[in-house]
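Please keep the sequence and structure at hand while reading.

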Amino acid sequence: MELKFPHGFFWGAATSSHQVEGGNFNDWTQWEKENSEGLAKAAALKKWPQYILDRYPNPLQPENYISGRACDHYNLYEKDFEIANELGHNAHRFSLEWSRIEPEEGKFNEEAIEHYRKVLQALKSRGLEPFVTLWHWTNPVWIQKIGGWENPKTIEYFLRFARRVFEEYGQSVKFWIPFNEPGTAISYGYIYGTQPPGVRSKKRANLVFANLMEAHKKIFLLNKNEKFGFQIGCSHFIFYRKAHKNLPWNFLAKKIMDHFADARFLKVFKDYSDFFGIQYYQPESVNVKLGGRIMGLVEKKTTMQWLNDLGWGVFPEGIYHVLKQLAKFGKPIYITENGLADARDESRGKFIREHLRWLHKAISEGIDVRGYFHWSLLDNFEFVDMRGYWPRFGLIEVDYKTLGRSIRPSAWEYAKICKNNSLEID
Ligand code: BGC
């Protein structure tokens, strides 16, 4: 049977500047230097599968935790977009690196501005619709020095940056995403303290939440008031969350998590977004007794459940349920990220097909989903929990020694779907 997707559906993959470009200088750079040795030592205490240790860099090597030259996508973008085009993509999501465009307060770097103009031209000339993220977790060092997103001044600086890039690239870009997953950045940067700025304080996390939301609102209003005519969207990470065994205390804990992880963000996004960008990776089972969260235990009996290389549970049906939950907001939805770490490319093809099957079911029930961006186009520097290079999320494999690219078999499976705008199922 053939499952047809709506006419004009966007098919593509996503990346973010710091994870692929190489040669960046921002608040992560220093952090990576300071933490790489410690992270490699900590990794030595764990047991790793041989197929992870066989690749370079592996988790036992400090260079795994230093973004360095990354995939050198800053120079190789034409080549990478050429592959995306060959793979039938008609859209691409990427982020601008604020620290390159405005390396010093108020001093905009013309070379960097020109660079991203060329990036946009390279996309457009290959028929790839750009979805541009303004902030994918990295800050210029001068922003970090004034206290980052804890300082309300950052909102004004970010707005000035947004206005500048709106003016520079407005002719080529229709879809803009001011902030990538603010919730994840807050949790890891300000609650667990495992990524920059390494803070552990609920109070400071709440301040950052308020400032990020204020900036999101202001950018949405800037677009409206100045009649830029763009589509402004959020990109919100969402778990398919269940209360373990439906026990009442787990149910209560789930409600609290629903509020902090989702509801308080969606309350802002529903009034200040033209579309919802949704990032779905995994299910989450809330179990108070065992300390809060167990990943990947939702409905264990389903045959589609498996774990990726990071130990995250895979539950494709979850994407359908989260879409159903979000339908009430009545916004067009784009899946701005969905993917898995799978170095051997054993199950990426199946992962994509199964998620798209459930996504199609949501569409067939009237939910307005307009695009799907796989995470990621390339293997890259994994941000979350500072895992670095060993998790392999790419449709395209990157050899970090030679910078060679090889297209994984699953990328061809996805290409077939993109090219036909449909999915074949048995
Ligand atoms: C982030 C990406 C990250 C991916 C996989 C998302 O939360 O936006 O930067 O690489 O998840 O962990």
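Helices here are DSSP runs of H or I with at least four residues, numbered from the N terminus. The model is predicted.

## The cavity

One cavity of 30 Å³ or more turns up in a search of the whole structure. The largest cavity holds about 90 Å³ of space. It is lined by 14 residues, and E21, H73, F94, S95 and Y116 are the closest to its centre.

Helix 4 contributes the most to this lining, with four residues. At least two residues each come from helix 1 (17-20), helix 4 (73-86), strand 3 (91-95) and helix 6 (110-124). By type, the lining of the largest cavity has seven nonpolar residues, six polar and one charged.

## Helix 11

Helix 11 (residues 248-271) has 24 residues, so at 1.5 Å a residue it should span 34 Å; the end C-alpha atoms are 32 Å apart, which agrees. Helix 11 also bends by about 45 degrees at H259. Its buried residues include K254, D258, D262 and R264, as well as F265, L266 and F269.

## Backbone details

Most peptide bonds are trans, and most residues other than glycine have a negative phi. P196 and P197 are joined by a cis peptide bond, with omega about 5 degrees; P197 sits in the loop between helix 9 (182-191) and helix 10 (202-225). Another cis peptide bond, with omega about 15 degrees, joins W375 and S376. S376 belongs to the loop between strand 14 (369-375) and strand 15 (396-398).

D345, which is not a glycine, has a positive phi near 55 degrees. Its relative accessibility is 13%, so D345 counts as buried, the cut-off being under 20%. L403 also has a positive phi, about 65 degrees, and counts as buried because its relative accessibility is 11%.

Methods:
Residues numbered from 1 in each chain as written. Predicted model: local features only at pLDDT ≥ 70, side-chain atom pairs only at ≥ 80, totals over all residues. Heavy atoms only, no water. Expected span 1.5 Å × (residues − 1). Bend = angle between axes of the 7 residues up to and from the residue. Buried < 20%, exposed > 50% of the residue type's maximum accessible area, 1.4 Å probe, protein only. 1 Å grid on protein atoms, 1.4 Å probe; cavity = no way out; pocket = protein on both sides within 12 Å on 5 of 7 lines; lining within 4 Å. Points joined across faces, edges and corners; volume = space filled by probe spheres on them. Nonpolar A, V, L, I, M, F, W, Y, C, P; charged D, E, K, R; others polar.
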